[in-house]
Amino acid sequence: CTHGCIYCYNNGRFGKKGDFFKGSKPRHGIAQKVVKDCRILKGRYGDNCPEIHMTFLGDAYQPAERTLGLTAMIARQLIGFNLPFTILTKSSTIKRDIDLLASYRKFRLGMSFTSVDQREVNDWEPGTGYIQDRIEVLRRFKSHGIKTWVYLEPVMSVRSTIKVIDTIHRHVDFFKIGALNHMDPPEPINLVEAHRKIMEALDFRHCNYEFKKSLQICNDQSLI
């Protein structure tokens with residue numbers, strides 16, 4: 001993945017630290033493998049297949065996708081087999097496929113946010129580009145009637161997370177929130193206070209949301 005997020009838990013899991021950010025290349029025979037998997041899922045679940053998620057491991061819309069079109073190809077296969085799916089991305093490249101995805105009611109758009117402050121985005125997610133482009137993608141997909149959800153993980157700063165909610169809530173059907181739990185955040189975060197303040201912000205905006213277990217803490221000593 002080329003995003004280079006400083007909080008990425010995959011960095012170091014696949015070779016030396018830093019290798020994960022050096023770029024991406026297509027998996028050999030991916031088109032045939034996707035068709036095979038679609039047939040298996042369709043045979044197992046029929047029209048009741050659980051939602052397929054692309055992807056927590058990197059981002060399906062890498063710069064190479066602009067020319068390769070592999071993610072769009074996979075989306076067409078999923079649509080052809082009538083399988084429900086969601087794509088979680090930070091990339092504005094997905095707007096290229098809005099007509100394809102807007103026509104399919106079993107698709108949901110997911111986008112990750114840690115901040116809407118470009119300076120923080122540059123520090124925390126240096127390869128992701130302009131945050132306003134990400135917001136505009138969310139707005140456009142929502143205006144096309146596509147269900148949207150936003151992943152507020154990790155919470156790098158409670159203040160920044162609340163600002164994200166205030167900025168984009170009109171374009172979001174569902175929020176999911178989780179803590180940073182494998183490294184120190186830029187500033188200490190009391191999980192109890194973080195949970196309370198973020199929940200208040202979401203409730204004030206009448207948002208639908210879910211906290212991951214990492215923020216479902218009731219211990220006043222929970223400090224990260």
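This is a predicted model: local features need pLDDT of at least 70, side-chain atom pairs count only at pLDDT 80 or more; totals for chains, interfaces and linings use all residues.
Start with helix α6, where Ile131, Arg134, Ile135, Val137, Leu138 and Phe141 are buried (under 20% relative accessible area, with exposed meaning over 50% and partly exposed in between, using a 1.4 Å probe and protein chains only). Seen down the axis, these buried residues fall within an arc of 155°, so they line one face of α6; the arc is taken from the directions from the helix axis to the C-beta atoms. An α-helix has 3.6 residues a turn, so residues three or four places apart point the same way.

Residues are numbered from 1 along each chain as its sequence is written, and side-chain values use heavy atoms, with hydrogens and water left out. Helices (H or I, at least four residues) and strands (E, at least two) are DSSP runs, numbered from the N terminus.

What covers the buried residues of α6? The cover includes α4 (98–102), β3 (107–112), α5 (118–124), β4 (147–155) and α7 (158–168), with contact meaning heavy atoms within 4.5 Å. Just past the end of α6, Gly145 has a positive phi of about 85°.

Now follow α7 to helix α8 (residues 191–204): their axes come within 10 Å and cross at roughly 15°. Those axes are lines fitted to C-alpha atoms, for helices over the stretch in contact, with angles from 0 to 180 degrees between N-to-C directions. That crossing makes α7 roughly parallel to α8 (under 35 degrees; over 145 is roughly antiparallel, 65 to 115 roughly perpendicular, and the rest oblique). On the α7 side, the contact is made by Val158, Thr161, Ile162 and Ile165, and on the α8 side by Ala194, Lys197, Ile198, Ala201 and Leu202.

Within α8, the buried residues are Leu191, Val192, Ala194, His195, Ile198, Ala201 and Leu202. They pack against β4, α7, β5 (174–179) and β6 (209–211).

Elsewhere in the chain, helix α1 (residues 30–45) and helix α3 (residues 70–80) have axes that come within 10 Å and cross at roughly 20°, and are therefore roughly parallel to each other. Here α1 brings Ile30, Ala31, Val34, Val35 and Cys38 to the contact, while α3 supplies Leu70, Met73, Ile74, Gln77 and Leu78.
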